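Me: I would like to learn how to read the features of a protein model step by step. Could you give the general idea each time and then turn to the case at hand?

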Amino acid sequence: MIGEYFSGLAHDIEGKLAAEPGAASARKIFALEVARLGVRLYSPGRPVAWCGVLAPFDLLNAVGVTSCFAEFVGAMLAGMGAASAPLEGAEQAGYAADTCAYHRAVVGAAMQGMMPVPDFLVATTTPCTGGLAAIENLARLFRRDLLVLQIPRAETEAGVRFLAGQLERLARFAAGRAGAQLDPQCVAAAVDLSNVTRALMVEIYDLARRVPSPVSNRDLANFGIVVPLLMGTQAGVDVARATRDELAARARDGKSGVPGERFRLLWVQNRIQFPNPLLRLLEDEYRAVIVVDELNDVTWEPIDPADPFPGMARRAIGLPLNGPAERRVARLRQLATEYRVDGIIQPCHWGCRQGTGIRGLVQRGFQELGIPVLNLEVDCIDARSFSEGQLRTRLEAFLELIAGRPRVRA
Amino acid sequence: MRFLGIDVGSLSCDAALLDERGELLAATVVPTGARNREAIARAKDEVLRAAGVSAEDVTAVVSTGYGRDRVEGRRAAVTEITCHARGIQALLPGTRLLVDIGGQDSKAVRFDAQGGVADFAMNDKCAAGTGRFLEAMARALEVDVSALGELDRDGSDGATLSSMCTVFAESEVVSLIADGVAVGAIVRGLHRAIASRTLAMIKRIVPDPSGLPVAMSGGVAHNAGVVRALSAALGCEVRVPPRPDIVGAFGAALIARERFG
């Protein structure tokens, strides 16, 4: 079902772009490349790896392995409105209904034959142990080799060396599974492309910071979490360049993503993945724009193509979701200040110990800056728990609160 | 000029009509039932009739509550947080913390020194501790929900209830009755449990509420037992306006007057 969905989506977009090449929006190009990735994942004969979110996708792309983080499947199913059956399947098999629905959906999908059998799996010990457990479950279900990347919590030289060594071993292992020797030149070429994509992402986020912002609530939804899957490929560069060009043109023409921008918001962690009217409500009725998502961020330096593993290690270790909450809160405060936001929306995804566990610290961090925070109790994947009226009231009340108070934008 | 506020809640539909000076001319509370459009029409008719005012004389209507988008002819729809806040500041000026417990949700609103909304919190995920919860418990106790406040006075040693899930709490209440626990003690236990849950919600926005001027609105504020339990939990007096169930509609009418008068 999912493979057919990706094939159909890619076919539709390719047809539209062929018929009208000038109408290629950046978001459409993004959707096309995601669909093509999906097609590759579901096509037989190609080496495939299911991974944790901090796996080095550019490295895996460089050695010819199509790879994807498992949560992507949960998000896709939710976006298609098809997550209920795998969620119920996982629950019937004994997975507690109050665990993360990203992971429940992907385990249920695997049990119901909705995921391709991978050649191997790569788990990461951060950012969440739920993700690690989900990949371990998949490895057992598929009876395939599992590699676990032990990611240190702090960026020390010893920690970087430790992870860099694991990454090099992963590269040799993955290349072997793809039927080749590890070729440093291929890795260097992929790293070059990654660095170009990274630089474009920096430009994109700089543009989003402008007042008014050229981004709408959909332009960069899931951007920073999905683009890493295309890192190390020309497709990644193309998506980032198209996005940069579109936002730059809007900024040059003085157009804002949400006409008459009134409120600027920061969205913490993941978006709600199933179709819902809340983003439209924000834009149409309140002219409120999510100018920054926590996950739309570049927190790593360019990687040395001649010596890629330490740079890749630093990229994973330095992610603010890894390590102590203090570091994450500090980065969130920095984003709120840089983007000059009026308020924070913190969807406390049910079952996410990583997210809800520190919500009080996040809230206090913003309150010290005088920026109001809305904690939304919501499951970002499981639409069965969605109560539109309740969320709508909370969102609207929050925007009324912001409207009634003096601006504290930095 | 006349200004109408309509609060369409899950249990009741409330209307308040003001004159051009902001004085309350009439107010009413009707059950929402299954068809909220009928309840809206009835509340509107009742309040206009009581004030001797025709619909044409109403300058503006502002709606609030979960059914706020169902009110035809409204000039604006405003959330119940803002409306209750506006209403309580007019009725009990100087309030710094408002607790509103309605039919299916509860909320706490913190005010700044000027009476503006500084922060708010609402119940999460379920309706435990709200009007619906008390209705279910009254049914299990075979008493009228309006009698709970008075019954609470007889419960010198409140019973302990371990669950706030409406279904489990109902079973627990039935078990307590079977064990011979006095109805008054059970009711007091229920009220204490509601106060404890409400206090947890309050502390999300006011870590130390002691000493703050606190007010309560919503239909549950008619229950003197809940008000007493909340006062005890907070360690301060909780003030209740004369008609706590129309505070949202009253606030909506005040907003109509301010914006469209």
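Predicted model: local features only at pLDDT ≥ 70, side-chain atom pairs only at ≥ 80, totals over all residues.

Me: Let us begin with the interface: how many residues of chain A are in contact with how many of chain B, and what area do the two chains bury between them?

Reply: The size of an interface is often given as the accessible area lost when the parts come together. Here, 17 residues of chain A are in contact with 17 residues of chain B, and the two chains bury about 1500 Å² between them, with 47% of it on carbon and sulfur atoms.

Me: Which polar features cross that interface, and which elements of chain A give two or more residues to it?

Reply: Between chain A and chain B there are 7 residue pairs in polar contact, and the rule finds 2 salt bridges across the interface. On the side of chain A that touches chain B, the elements that give two or more residues are α16 (359–367), β8 (373–378) and α17 (388–403) of chain A, and α17(A) gives the most, with 10 residues. The residues of that side divide into 6 nonpolar, 5 polar and 6 charged.

Me: How should I read a salt bridge, and which residue of chain A does B:Arg68 pair with?

Reply: Side chains of opposite charge can pair when their charged atoms come close. In this model B:Arg68 forms a salt bridge with A:Glu396, with the closest N and O atoms 2.5 Å apart, and both residues belong to a network of salt bridges that links A:Glu285, A:Arg392, A:Glu396, B:Arg68, B:Asp69, B:Arg74 and B:Glu80. Within chain B, the side chains of B:Arg74 and B:Asp69 meet at 4.0 Å, N to O; B:Arg74 counts as partly exposed at 33% relative accessibility, and B:Asp69 is likewise partly exposed, at 39%.

Me: Is the salt bridge between A:Arg250 and A:Asp219 made by buried or exposed residues, and which parts of chain A does the pair tie together?

Reply: The closest N and O atoms of A:Arg250 and A:Asp219 are 2.7 Å apart. Because A:Arg250 lies in helix α11 (residues 234–252) of chain A and A:Asp219 in the loop between α9 (184–208) and α10 (223–226) of chain A, the pair ties together parts that are 31 residues apart in sequence. Both A:Arg250 and A:Asp219 are buried.

Me: Turning to helices, which residues of α5 of chain A are buried, and why can they be said to line one face?

Reply: An α-helix has 3.6 residues a turn, so residues three or four places apart point the same way. In α5 (residues 84–92) of chain A, the buried residues are A:Pro86, A:Leu87, A:Gly89 and A:Ala90, and, seen down the axis of α5(A), they fall within an arc of 160 degrees, so they line one face of the helix. What covers them includes α4 (71–79) and α6 (101–111) of chain A.

Me: How many residues of helix α3 of chain B are buried, and what covers them?

Reply: In α3 (residues 131–141) of chain B, 8 of the 11 residues are buried, so the helix is largely enclosed by the rest of the structure; among them are B:Phe133, B:Leu134 and B:Met137. The cover over the buried residues of α3(B) includes β6 (97–101), α4 (148–151), α5 (166–178), α6 (183–205) and α7 of chain B. After α3(B) comes B:Glu142, whose phi is positive, near 60 degrees.

Note on methods. Residues numbered from 1 in each chain as written. Chains lettered and ligands numbered in written order. Heavy atoms only, no water. Contact = heavy atoms within 4.5 Å. Buried area = accessible area lost by both parts, 1.4 Å probe. Polar contact = N/O pair within 3.5 Å; in protein donor to acceptor, adjacent residues only side chain to side chain. Helix = DSSP H or I, 4+ residues; strand = E, 2+ residues; numbered from the N terminus. Nonpolar A, V, L, I, M, F, W, Y, C, P; charged D, E, K, R; others polar. Buried < 20%, exposed > 50% of the residue type's maximum accessible area, 1.4 Å probe, protein only. Arc of directions from axis to C-beta.
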